[in-house]
Amino acid sequence: MEIHVSKEILGQMEMLPGATNVQKLLRHHAGLSKREIRQAKFREEGIRKNGNRCRVTERVGLQDVICVCLETEENRSDHLETFQGAGEPILRVLYEDADLLVVEKPAGMASHPSGGHYRDTLANLVQSYLLKKGEACRIRPVGRLDRETSGIMVFAKNQAAAARLGEQRKNGAFHKTYTALAVGELPAGSRGCIRQPIGPDPEDRLRMRVDDGGKPAVTHWEVEASGGGLSLVRLTLETGRTHQIRVHMAWLGCPLAGDSLYGGALEKEIGRTALHAGKVRLVQPFTGEVLEFEVPLPRDMERLAARVGRDAQNV
């Protein structure tokens, strides 16, 4: 974690009782707990001011840079191997700082090791990227995307950042917008909210289904355009259930194009579920800066979206 002390930060600190020192900055501005600060104090490069190790009682001034080590070599993710596959792809990094790494996941790549994919996932690729930079930290995905889904994924580089981003997911400060192509023509401009619980399908271990005994799930949808037997739909989630968008859109009667698991069509035209996590907004967990990221539709969805009569680059 790195804090650049600005006039705004100093002004906020001076309004609070006590000296404007490192301890106060970390507690009230960065939101670190006493335990997190205490742990950092005893690490070799735990707390530094302008590159030099410092005490938490030292005063801070304008343009000082305070760095805190929230991870160590000992608690890195040793079980996560570096990427091993048929040619290591290039990781597309959208944003990076001491606490976060925001990347674009291609369709067809699993987010995290599981189910036979243990060395060729996005998490493995991120691990390779960080180790090549000399960073040995335990990466933590903030939400995941299905293997077939493309779009933005966020990784936290330390436990404190992961915990704060987890809280943002609960309170809505971490906001992700999806774009999908659904089979069927819903009226352009129509919108709605699906509140249907989701649980495992007892007849197919790969599927989920709307189930009164399942977990609560809420999906908001809005139709951007329709035509050619398809609807271009924007979606946001209040919950994060497995296959939530796919299950809810199928329940609505408009399964996603290419989604053979839930009754979609056009598999030959797109070859995967037409779902893309194109926008993410979050708050940097320690500086409070609002960060927004956006990536356009990939070419396979862009080609299919042309059937609805709208330029996919503008959706």
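**Exercise 1. The main core**

Task: In this predicted model, how many residues does the largest nonpolar core have, and which have the most contacts inside it?

Solution: 
- Step 1. Count the members. The largest nonpolar core holds 37 residues.
- Step 2. Pick out the best connected. Met1, Leu26, Leu32, Ile47, Val68 and Leu282 have the most contacts inside this core.
- Step 3. Helix H5 (residues 159–171) does, with four residues.
- Step 4. In soluble globular proteins, nonpolar side chains tend to be buried together.

**Exercise 2. Around Leu282**

Task: Leave aside neighbours within four places in sequence. Which residues are in contact with Leu282?

Solution: 
- Step 1. Leu282 touches residues including Leu100, Val154, Leu165, Gln168, Ala173 and Phe174.
- Step 2. Go on to higher numbers. Glu289, Val290, Leu291 and Phe293 are also in contact with Leu282.
- Step 3. Link back to Exercise 1. Leu282 is one of the residues with the most contacts inside the largest core.

**Exercise 3. A linked set of charges**

Task: Which residues are linked with Lys133 in a network of salt bridges?

Solution: 
- Step 1. Side chains of opposite charge can pair when their charged atoms come close.
- Step 2. Take one pair. Lys133 and Glu135 form a salt bridge, with N to O at 3.3 Å. The cut-off is 4 Å, so the pair counts.
- Step 3. Widen the view. The network links Glu96, Lys133, Glu135 and Lys157.
- Step 4. Lys133 is partly exposed because its relative accessibility is 43%. Glu135 is partly exposed too, at 25%.
- Step 5. The model has 18 salt bridges.

**Exercise 4. Buried or partly exposed?**

Task: Arg234 pairs with Glu224 in a salt bridge. Is Arg234 buried or partly exposed?

Solution: 
- Step 1. Find the distance. The closest N and O atoms of Arg234 and Glu224 are 3.6 Å apart.
- Step 2. Locate the partners. Arg234 is in strand E14 (residues 230–237), and Glu224 is in strand E13 (residues 218–227). They are ten residues apart.
- Step 3. Apply the limit. Buried means under 20% relative accessible area. Arg234 has 16%, so Arg234 is buried.
- Step 4. Do the partner. Glu224 has 25%, so Glu224 is partly exposed.
- Step 5. Arg209 and Asp211 form a salt bridge at 3.6 Å, N to O. Arg209 is partly exposed at 33%, and Asp211 is partly exposed at 21%.

Conventions: Residues numbered from 1 in each chain as written. Predicted model: local features only at pLDDT ≥ 70, side-chain atom pairs only at ≥ 80, totals over all residues. Heavy atoms only, no water. Salt bridge = Lys/Arg side-chain N within 4 Å of Asp/Glu carboxyl O. Buried < 20%, exposed > 50% of the residue type's maximum accessible area, 1.4 Å probe, protein only. Helix = DSSP H or I, 4+ residues; strand = E, 2+ residues; numbered from the N terminus. Core = buried A, V, L, I, M, F, W, Y, C linked by side-chain atoms within 4.5 Å. Contact = heavy atoms within 4.5 Å.
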